[in-house]
Amino acid sequence: MRNPVDFKTLIPFFFAFCFFLPASSLVSQVGLDYYLPDDDRRTEIPSPEAIIGFQVGEWHVSHDRLDNYFKALAEASPMAQYVEYGRSHEQRPLSYLIITNEKNQANIDKIKAQHAALKQEGSEDMDLENLPAILYQGYGVHGNEQSGTEAAMLVAYHLLSSTSDYITELLDKTVILLDPCFNPDGLQRFSSWVNANRFTHLNPDENSREFWETWPGGRTNHYWFDLNRDWLFTIHPSSKGRIKNFHEWHPTILTDHHEMGKNSTFFFQPGVPSRTNPMTPQLNQDLTEEIGTFHARALDSLGSEYFTKERFDDYYYGKGSTYPDINGCIGILFEQASARGHLQESKNGLLSYPFTIRNQVAVSFSTHKALLYKREELLSYTRDFFNQSRAMAARDSIKAYSFSHANNFISTYFAETLRRHDIEVTEIAPILSNEKRYAVSCKQDQYRLIKTIFEPVSSFPDSIFYDVSTWSFPLSLNLSLERHTALPEMKAFKMQERTLDHSQANILWVDADIYQLPGFLHDMAQQDLSVSLLTADYALSDQVTLSKGSIYLTSKDDNWVKAKAAMDSISTSRNVMLRSAMVSKSDLKKLDKTKQTITEIPKVGMLTGRGLDGYQAGYIWHQFDIHWNVPISHLDIDRLKFIDLSKYQTIIIPNLSDAASTEHFQKIKEWVNEGGHLIIVRSNLDIFDALGFFTAQRVDNEVLVSLQNEADAGTARSAQVIGGAIFDSFFDLDHPFTYGYDDPTLPVFQQGNIFYDTAELQEVGSYGSLLSGYASKENQRILNGRPVVRSGVFEKGRISHFAVNPCFRGYFMGTNRLFANAIYLNSLAN
């Protein structure tokens, strides 16, 4: 053991070492003693270098090496268990280590049960003195913010190798779940990039290729989603697994380690006080601030600068640092200035990768210390949170919610999502015989989470948001929702799956509102079979009406026997209800007068690459690939010159910006004129105006115009940004884009505040009033009555514009069918 050192005398040295050591020698001089205390260590525990092949911070670790190291630790120590809880889209393991002493390892199931009991009624009498606290430490949800993941290896090594009395006490009184990488696919993409462009003698030039990833970059997952916005909606396998972990363990604290711009320093929560969600207890923020004093001391000892209560907030519960807050846990966000490589220039000097890792290690350790010293207080907080939640539920006039959807796929999806969040859901007797109906009682431990999921929000403590200001599931899914002031009949009901005999039928059909329209049409086309689509409602009998947009086959069609068998098989595989009837020949003839035959489906391409929004493109890719399971081609914008566009009938442009190369867009214009359908999602329409596609006039926000010359009006300008809000909209139900909808009103998700008027594109639907979330009065005024979807004919082709992304974050499913119709029923609009 070395002698104690006064760190304050070494602060100048540390600062110089971190930022100004010559690039050629920096990494080679960093050893474990740079990151870790000089404790005596168990020699059987392998260091990171022994497994990954280099010192932490010398290169960016790849995910396979990272996973191998965590497996090696579990093999070497009885105080560690390796748990694989899922696989990423690219089939990389998602895993964590359970780190605690051998006594606790033997009693893990008991400890889990005790933490689950903290949520329940009667927990007031629980003995907390001997209950280990649980810490879930999560790293790397953004793949190109890798310093936290590197720190996780060092933290795990230190906990398992140190023989100090402090670590012995820590592992006796806590269970630490170390999840080193929430986003393996993004990390692999990023680490491959920076390692491939690393210099032997490090080059910190900010313009160097190492620091400029190719599109879409490593931040996102396989489908280019930001996984740190998916804690509520759990669209992706990593999110599903992570939420399962959370509700299996009921952690006391959860930490979420990130990076930010290179010219910043270090942030830890609390965030901006006025931007905390009102459903979060004030005590949560007070405890977070007290824990922050431990982080401050740790960073002070290193001479590292930091800030708190600025820039970031605790409002949106779909992020890693705020989801815990609505679940009786303390969520903590850490943000480290990023080197985005190995060594980079910054306004503070040279920012090295090892320095960023060391700060992440320091706050990981300070979290341990805070949890150890405040253990009983934090456990008490969890218990009291749920006791107070039950008391709030008792006072609430709303006792339950029930919901349904014309498409059972949507309502069942929502029920499954709620259950994933430890919310009890009961299927109850339906109102309509073919619509599943579910009920959720408010008298649950998860009362607060239930309220924030079900209720729209219209009042806010602040007008600035780090992310979206609303996430109402019923609005996003366009559900039929009922609020009950008394508990409805909660007797469990199971809708029987009906087996229908189609053998005697001379007409088969699927209802107009099917979610899987693209998949159904795709599979029929794959078998060279055409189908008919009704363009007007038709009553087959007093009891049966085929609605506009229904897809059907009759015995008059060619290949009836083959088509009948195929339609039956496809409806089963796509989980679509196939209906049938025997009708008169005269009815079959009348149907022909209101039909449109669909003989082929469009081949769809989507522009991707520099200047296009990776998130918006990813939402659409995921919609095609996962929800609809139909192909879409990624057309790189920089290869547009070489692509034969005649192969595609529809091309989608997701949120085009000024950064895009439009050198060859004349080619797209010619393709439209020859019969192509161009669908523009959001986007800077000034570009299309300048290129002569159509005229677009930007609509000014008068408040922003009045503030443009005021230097200190930053807050007022930010208040005019729509970070994410839900608006009502009104659609023409006679337009083919709306087939499958029986209500002209539809919630849409609005982000951004750049609006346009266009003369050549005709309105299909228009914005109405604000339903949930924040939008300034001026933005509400601008949007009200303006088109949200528009479309127009251009020579032989068509251009359509969606002012919103109809596939937002993979969960805004209410507008998915609108998008499907625009793509697959475009021919009906001509």
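This is a predicted model: local features need pLDDT of at least 70, side-chain atom pairs count only at pLDDT 80 or more; totals for chains, interfaces and linings use all residues.
Helix α16 is largely enclosed by the rest of the structure, because eight of its eight residues are buried.

**Helix α16 and its surroundings**

- The buried residues of α16 are Tyr447, Arg448, Leu449, Ile450, Lys451, Thr452, Ile453 and Phe454, and they pack against the helices α14, α15 (408–420) and α17 (473–476) as well as the strands β10, β12 (437–441) and β13 (480–484).
- Lys451 forms a salt bridge with Asp396, in which the closest N and O atoms are 2.8 Å apart.
- Because Lys451 belongs to helix α16 (residues 447–454) while Asp396 sits in the loop between α14 (375–395) and β10 (400–404), this pair ties together parts that are 55 residues apart in sequence.

**The seven-stranded sheet**

- Seven strands form an open sheet with mixed pairing, and their order is β1-β2-β4-β3-β5-β7-β6.
- The edge strands of this sheet are β1 (80–87) and β6 (266–268), each of which pairs on one side only, and the twist from one strand to the next averages 20°.
- Within the sheet, strand β2 (residues 93–99) pairs with strand β4 (residues 174–179) in the antiparallel sense over three bridges, and the bridge partner of Ile99 in β4 is Ile176.
- Helix α7 (residues 108–117) packs on this sheet, where it touches β1, β2, β3 (133–139) and β4, and its direction makes about 95° with that of β3.

**The nine-stranded sheet**

- Nine strands form an open sheet, also described by mixed pairing, in the order β22-β21-β23-β24-β31-β30-β29-β26-β27.
- At its edges stand β22 (633–636) and β27 (748–750), and because each has a single partner strand, one side of each is left without a neighbour in the sheet.
- Strand β26 (residues 725–731) and β27 pair in the antiparallel sense over three bridges, with Val748 in β27 as the bridge partner of Phe727.
- Helix α21 (residues 614–628) packs on the sheet and touches β21 (604–608), β22, β23 (650–654) and β24 (677–681), while its direction makes about 140° with that of β23.
- Helix α27 packs on the sheet as well, touching β21, β23, β24, β26, β30 (787–794) and β31 (797–802), and its direction makes about 155° with that of β24.

**The pair of helices α18 and α27**

- Helix α27 (residues 816–824) also meets helix α18 (residues 517–526), the two axes coming within 9 Å and crossing at roughly 35°.
- On the α18 side the contact is made by Leu517, Pro518 and Leu521, and on the α27 side by Arg817, Ala820, Asn821 and Tyr824.
- The residues of this contact between α18 and α27 divide into five nonpolar, one polar and one charged.

**Asp185 and Glu90**

- Asp185 lies in helix α10 (residues 184–196) and counts as buried, because its relative accessibility is 2%.
- Leaving aside neighbours within four places in sequence, Asp185 is in contact with Ser88, His89, Glu90, Arg92 and His222.
- A polar atom of the Asp185 side chain lies 3.1 Å from the backbone nitrogen of Glu90.
- Glu90 in turn forms a salt bridge with Arg92, the closest N and O atoms being 2.5 Å apart, and Glu90 is partly exposed, with a relative accessible area of 33%.

**Other salt bridges**

- The structure holds 37 salt bridges, and one network of salt bridges links Glu145, Arg219, Asp226, Arg229, Asp467 and Arg809.
- Arg375 and Glu376 meet through their side chains in a salt bridge with an N to O distance of 3.9 Å.
- Of these two residues, Arg375 counts as buried at 7% relative accessibility, whereas Glu376 is partly exposed, with a relative accessible area of 38%.

Definitions and conventions:
Residues are numbered from 1 along each chain as its sequence is written. Side-chain values use heavy atoms; hydrogens and water are left out. Two strands pair if DSSP finds at least two bridges between them. Helices (H or I, at least four residues) and strands (E, at least two) are DSSP runs, numbered from the N terminus. Axes are lines fitted to C-alpha atoms, for helices over the stretch in contact, and angles run from 0 to 180 degrees between N-to-C directions. Contact means heavy atoms within 4.5 Å. Ala, Val, Leu, Ile, Met, Phe, Trp, Tyr, Cys and Pro count as nonpolar, Asp, Glu, Lys and Arg as charged, and the others, Gly among them, as polar. Buried means under 20% relative accessible area, exposed over 50%, partly exposed in between (1.4 Å probe, protein chains only). A polar contact is a pair of N or O atoms within 3.5 Å; within protein, one must be able to donate a hydrogen and the other to accept it, and residues adjacent in sequence count only if both atoms are side-chain atoms. A salt bridge is a side-chain nitrogen of Lys or Arg within 4 Å of a carboxyl oxygen of Asp or Glu.
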